[in-house]
Amino acid sequence: MSLKTSCFSHSAVFLLLFVSLVFSGVQAQVNLKAGYNISFISDPGLNEVISTFSESQSYDRGFKKVSWLHGLEAGIRFKADIHAFELTYQSAYQALRAEGTIQPESITYTDKINMSVNSIAAGYQLAGDFAGGGVDLQYQRYNAKVRQEGQDEFRDVQEMWGMKVYMMLTLQGSGSIDAAIQPYVVIPFGQYETDPLSQYLNQEPGPEGKKWTRVGITLLFYNGGK
(Lines give C-alpha, C1' and ligand atoms only; values in the text may rest on other atoms or scores of the structure.)
Protein backbone atom coordinates (compact mmCIF):
# COMPACT_ATOMS: atom_id res chain seq x y z
CA MET A 1 0.00 0.00 0.00
CA SER A 2 1.37 3.40 -0.98
CA LEU A 3 1.87 6.22 1.49
CA LYS A 4 -0.85 8.30 -0.22
CA THR A 5 -3.37 5.45 -0.08
CA SER A 6 -2.48 4.84 3.57
CA CYS A 7 -3.08 8.51 4.46
CA PHE A 8 -6.45 8.43 2.71
CA SER A 9 -7.50 5.28 4.61
CA HIS A 10 -6.26 6.60 7.96
CA SER A 11 -8.24 9.79 7.48
CA ALA A 12 -11.43 7.77 6.94
CA VAL A 13 -10.81 5.80 10.14
CA PHE A 14 -10.13 9.03 12.05
CA LEU A 15 -13.46 10.50 10.90
CA LEU A 16 -15.36 7.39 12.00
CA LEU A 17 -13.74 7.48 15.44
CA PHE A 18 -14.50 11.18 15.76
CA VAL A 19 -18.19 10.62 15.05
CA SER A 20 -18.35 7.80 17.60
CA LEU A 21 -16.89 10.04 20.30
CA VAL A 22 -19.07 13.04 19.50
CA PHE A 23 -22.34 11.14 19.37
CA SER A 24 -21.72 8.64 22.16
CA GLY A 25 -24.50 9.11 24.69
CA VAL A 26 -26.53 11.36 22.37
CA GLN A 27 -29.99 10.32 21.17
CA ALA A 28 -29.71 10.81 17.42
CA GLN A 29 -31.57 9.33 14.50
CA VAL A 30 -29.42 7.68 11.87
CA ASN A 31 -30.01 8.12 8.15
CA LEU A 32 -28.19 6.52 5.26
CA LYS A 33 -27.84 8.67 2.15
CA ALA A 34 -27.03 7.98 -1.49
CA GLY A 35 -27.29 10.00 -4.66
CA TYR A 36 -25.74 11.54 -7.74
CA ASN A 37 -23.78 14.77 -8.18
CA ILE A 38 -22.57 16.87 -11.08
CA SER A 39 -20.23 19.87 -10.93
CA PHE A 40 -18.50 22.26 -13.30
CA ILE A 41 -14.86 23.39 -13.33
CA SER A 42 -12.57 25.67 -15.31
CA ASP A 43 -8.87 24.82 -15.69
CA PRO A 44 -7.52 26.40 -18.91
CA GLY A 45 -4.00 25.14 -18.16
CA LEU A 46 -5.07 21.52 -17.95
CA ASN A 47 -7.13 21.80 -21.12
CA GLU A 48 -4.17 23.43 -22.89
CA VAL A 49 -1.99 20.44 -22.00
CA ILE A 50 -4.61 18.00 -23.27
CA SER A 51 -5.41 19.90 -26.48
CA THR A 52 -1.71 20.42 -27.32
CA PHE A 53 -1.08 16.70 -27.05
CA SER A 54 -4.24 15.85 -28.97
CA GLU A 55 -3.24 18.15 -31.84
CA SER A 56 0.20 16.51 -32.03
CA GLN A 57 -1.39 13.13 -32.73
CA SER A 58 -3.05 11.84 -35.89
CA TYR A 59 -6.38 11.22 -34.21
CA ASP A 60 -9.58 10.91 -36.20
CA ARG A 61 -11.36 12.41 -33.19
CA GLY A 62 -9.33 14.17 -30.50
CA PHE A 63 -9.82 14.67 -26.78
CA LYS A 64 -12.49 17.06 -25.52
CA LYS A 65 -11.99 19.55 -22.69
CA VAL A 66 -12.34 18.80 -18.99
CA SER A 67 -15.26 21.03 -18.02
CA TRP A 68 -17.48 18.97 -15.73
CA LEU A 69 -17.32 16.03 -13.33
CA HIS A 70 -20.03 13.68 -12.14
CA GLY A 71 -20.35 10.69 -9.86
CA LEU A 72 -21.98 9.01 -6.91
CA GLU A 73 -22.30 10.22 -3.34
CA ALA A 74 -23.03 8.17 -0.23
CA GLY A 75 -22.78 8.49 3.52
CA ILE A 76 -24.43 8.47 6.90
CA ARG A 77 -26.15 11.21 8.92
CA PHE A 78 -26.55 11.46 12.69
CA LYS A 79 -29.41 13.91 13.33
CA ALA A 80 -30.67 15.40 16.58
CA ASP A 81 -33.49 17.92 16.08
CA ILE A 82 -32.27 20.51 13.54
CA HIS A 83 -28.58 19.66 14.05
CA ALA A 84 -26.81 16.88 12.21
CA PHE A 85 -23.36 15.47 11.63
CA GLU A 86 -22.56 13.69 8.36
CA LEU A 87 -19.87 11.43 6.99
CA THR A 88 -19.73 11.48 3.19
CA TYR A 89 -17.92 9.83 0.32
CA GLN A 90 -18.12 11.73 -2.96
CA SER A 91 -16.79 10.65 -6.35
CA ALA A 92 -16.56 12.89 -9.40
CA TYR A 93 -14.95 12.08 -12.73
CA GLN A 94 -14.84 12.78 -16.45
CA ALA A 95 -13.61 10.24 -18.97
CA LEU A 96 -12.03 11.61 -22.16
CA ARG A 97 -11.48 9.52 -25.28
CA ALA A 98 -9.64 10.03 -28.55
CA GLU A 99 -9.93 7.71 -31.52
CA GLY A 100 -7.42 7.00 -34.23
CA THR A 101 -6.61 4.56 -37.02
CA ILE A 102 -3.38 2.63 -37.52
CA GLN A 103 -2.45 2.56 -41.19
CA PRO A 104 -2.09 0.71 -43.50
CA GLU A 105 -3.91 -2.02 -41.52
CA SER A 106 -6.89 0.31 -40.84
CA ILE A 107 -6.97 -0.82 -37.21
CA THR A 108 -8.91 1.57 -34.97
CA TYR A 109 -7.78 2.34 -31.43
CA THR A 110 -8.89 4.46 -28.48
CA ASP A 111 -6.68 6.48 -26.12
CA LYS A 112 -8.17 7.49 -22.77
CA ILE A 113 -7.60 10.22 -20.19
CA ASN A 114 -9.60 9.88 -16.98
CA MET A 115 -9.72 12.75 -14.47
CA SER A 116 -11.37 12.25 -11.10
CA VAL A 117 -11.69 13.67 -7.60
CA ASN A 118 -12.63 11.33 -4.75
CA SER A 119 -13.21 12.72 -1.29
CA ILE A 120 -14.19 11.71 2.21
CA ALA A 121 -15.74 14.37 4.39
CA ALA A 122 -17.06 15.16 7.84
CA GLY A 123 -19.55 17.96 8.14
CA TYR A 124 -22.14 19.85 10.13
CA GLN A 125 -25.67 20.35 8.83
CA LEU A 126 -28.40 22.67 10.12
CA ALA A 127 -31.78 21.82 8.58
CA GLY A 128 -35.46 21.94 9.35
CA ASP A 129 -38.18 19.93 7.67
CA PHE A 130 -37.82 21.66 4.30
CA ALA A 131 -34.73 23.87 4.07
CA GLY A 132 -31.24 24.04 5.49
CA GLY A 133 -27.57 24.03 4.72
CA GLY A 134 -24.23 22.73 5.81
CA VAL A 135 -20.47 22.66 5.49
CA ASP A 136 -18.10 19.71 5.00
CA LEU A 137 -14.37 19.42 5.54
CA GLN A 138 -13.12 17.22 2.70
CA TYR A 139 -9.98 15.17 2.24
CA GLN A 140 -9.61 15.09 -1.54
CA ARG A 141 -7.75 12.73 -3.82
CA TYR A 142 -7.16 13.84 -7.42
CA ASN A 143 -6.46 11.11 -9.95
CA ALA A 144 -5.21 11.46 -13.52
CA LYS A 145 -4.92 8.28 -15.57
CA VAL A 146 -3.81 7.97 -19.20
CA ARG A 147 -3.97 4.90 -21.41
CA GLN A 148 -2.31 5.19 -24.83
CA GLU A 149 -2.14 2.55 -27.52
CA GLY A 150 1.17 0.70 -27.13
CA GLN A 151 2.28 2.67 -24.05
CA ASP A 152 2.48 1.92 -20.33
CA GLU A 153 -0.39 3.32 -18.27
CA PHE A 154 0.28 6.66 -16.57
CA ARG A 155 -1.22 7.55 -13.21
CA ASP A 156 -0.77 10.63 -11.03
CA VAL A 157 -2.34 11.16 -7.60
CA GLN A 158 -2.47 14.45 -5.73
CA GLU A 159 -4.07 14.93 -2.31
CA MET A 160 -5.26 18.01 -0.44
CA TRP A 161 -7.91 19.31 1.92
CA GLY A 162 -10.93 21.30 0.86
CA MET A 163 -14.30 22.62 1.97
CA LYS A 164 -17.79 22.09 0.62
CA VAL A 165 -20.58 24.57 1.38
CA TYR A 166 -24.14 23.75 0.38
CA MET A 167 -27.80 24.67 0.68
CA MET A 168 -30.45 21.97 0.99
CA LEU A 169 -34.11 21.65 0.02
CA THR A 170 -35.80 18.52 1.39
CA LEU A 171 -38.72 16.90 -0.44
CA GLN A 172 -40.36 14.70 2.17
CA GLY A 173 -41.70 11.35 1.05
CA SER A 174 -44.66 9.49 2.46
CA GLY A 175 -42.53 6.58 3.63
CA SER A 176 -39.09 6.37 5.19
CA ILE A 177 -37.26 7.90 2.21
CA ASP A 178 -36.83 11.64 1.65
CA ALA A 179 -35.23 13.32 -1.35
CA ALA A 180 -32.93 16.34 -1.01
CA ILE A 181 -31.53 18.77 -3.55
CA GLN A 182 -28.19 20.33 -2.61
CA PRO A 183 -26.61 23.13 -4.68
CA TYR A 184 -22.98 23.34 -3.56
CA VAL A 185 -19.55 24.89 -3.95
CA VAL A 186 -16.32 22.93 -3.34
CA ILE A 187 -13.28 25.05 -2.49
CA PRO A 188 -9.95 23.16 -2.35
CA PHE A 189 -7.17 24.48 -0.12
CA GLY A 190 -4.46 23.73 -2.68
CA GLN A 191 -3.80 23.86 -6.41
CA TYR A 192 -3.97 21.03 -8.90
CA GLU A 193 -0.56 20.78 -10.62
CA THR A 194 -0.45 19.91 -14.33
CA ASP A 195 3.31 19.21 -14.48
CA PRO A 196 3.16 15.40 -14.05
CA LEU A 197 0.59 14.99 -16.83
CA SER A 198 2.29 17.54 -19.07
CA GLN A 199 5.70 15.93 -18.79
CA TYR A 200 4.29 12.45 -19.43
CA LEU A 201 2.71 13.71 -22.64
CA ASN A 202 6.19 14.83 -23.80
CA GLN A 203 5.60 18.54 -23.44
CA GLU A 204 7.29 21.38 -21.61
CA PRO A 205 6.54 21.82 -17.88
CA GLY A 206 2.84 22.44 -17.44
CA PRO A 207 1.09 25.77 -16.88
CA GLU A 208 0.76 27.13 -13.36
CA GLY A 209 -1.43 25.06 -11.06
CA LYS A 210 -5.02 26.07 -10.39
CA LYS A 211 -7.56 25.44 -7.67
CA TRP A 212 -10.36 23.20 -8.86
CA THR A 213 -13.19 25.26 -7.38
CA ARG A 214 -16.35 23.48 -8.42
CA VAL A 215 -19.99 24.59 -8.50
CA GLY A 216 -22.50 21.76 -8.63
CA ILE A 217 -25.69 20.14 -7.48
CA THR A 218 -26.45 16.84 -5.75
CA LEU A 219 -29.66 14.83 -5.70
CA LEU A 220 -29.75 12.69 -2.55
CA PHE A 221 -32.07 10.17 -0.98
CA TYR A 222 -32.09 9.78 2.82
CA ASN A 223 -33.35 6.50 4.24
CA GLY A 224 -34.13 6.03 7.92
CA GLY A 225 -36.12 7.32 10.87
CA LYS A 226 -37.65 10.79 10.86
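Colleague: How many bridges join strand β6 to strand β7, and do they run parallel or antiparallel?

Modeller: First, the ground rules: this is a predicted model, where local features need pLDDT of at least 70, side-chain atom pairs count only at pLDDT 80 or more, and totals for chains, interfaces and linings use all residues. Residues are numbered from 1 along each chain as its sequence is written, and side-chain values use heavy atoms, with hydrogens and water left out. Strands (E, at least two residues) and helices (H or I, at least four) are DSSP runs numbered from the N terminus, and two strands pair if DSSP finds at least two bridges between them. Here β6 (residues 131-147) and β7 (residues 154-171) are antiparallel and joined by 16 bridges. For example, Ala 131 has Leu 169 in β7 as its bridge partner.

Colleague: Which residue takes a positive phi in the hairpin of β6 and β7?

Modeller: Gly 150, with phi near 80°, in a hairpin that has 6 residues between the strands.

Colleague: And what joins β7 to β8?

Modeller: A hairpin of 5 residues. β8 (residues 177-188) runs antiparallel to β7, with 8 bridges, and Thr 170 has Ala 180 as its partner in β8.

Colleague: Which residues have the most contacts inside the largest nonpolar core?

Modeller: Such a core is a set of buried (under 20% relative accessible area, 1.4 Å probe, protein chains only) Ala, Val, Leu, Ile, Met, Phe, Trp, Tyr and Cys residues joined through side-chain atoms within 4.5 Å. The largest has 25 residues, and Leu 46, Phe 63, Met 115 and Trp 212 have the most contacts inside it. Helix α2 (44-56), β4 (83-102), β5 (107-127), β6 and β7 each supply at least two of its residues.

Technical notes. Buried means under 20% relative accessible area, exposed over 50%, partly exposed in between (1.4 Å probe, protein chains only).
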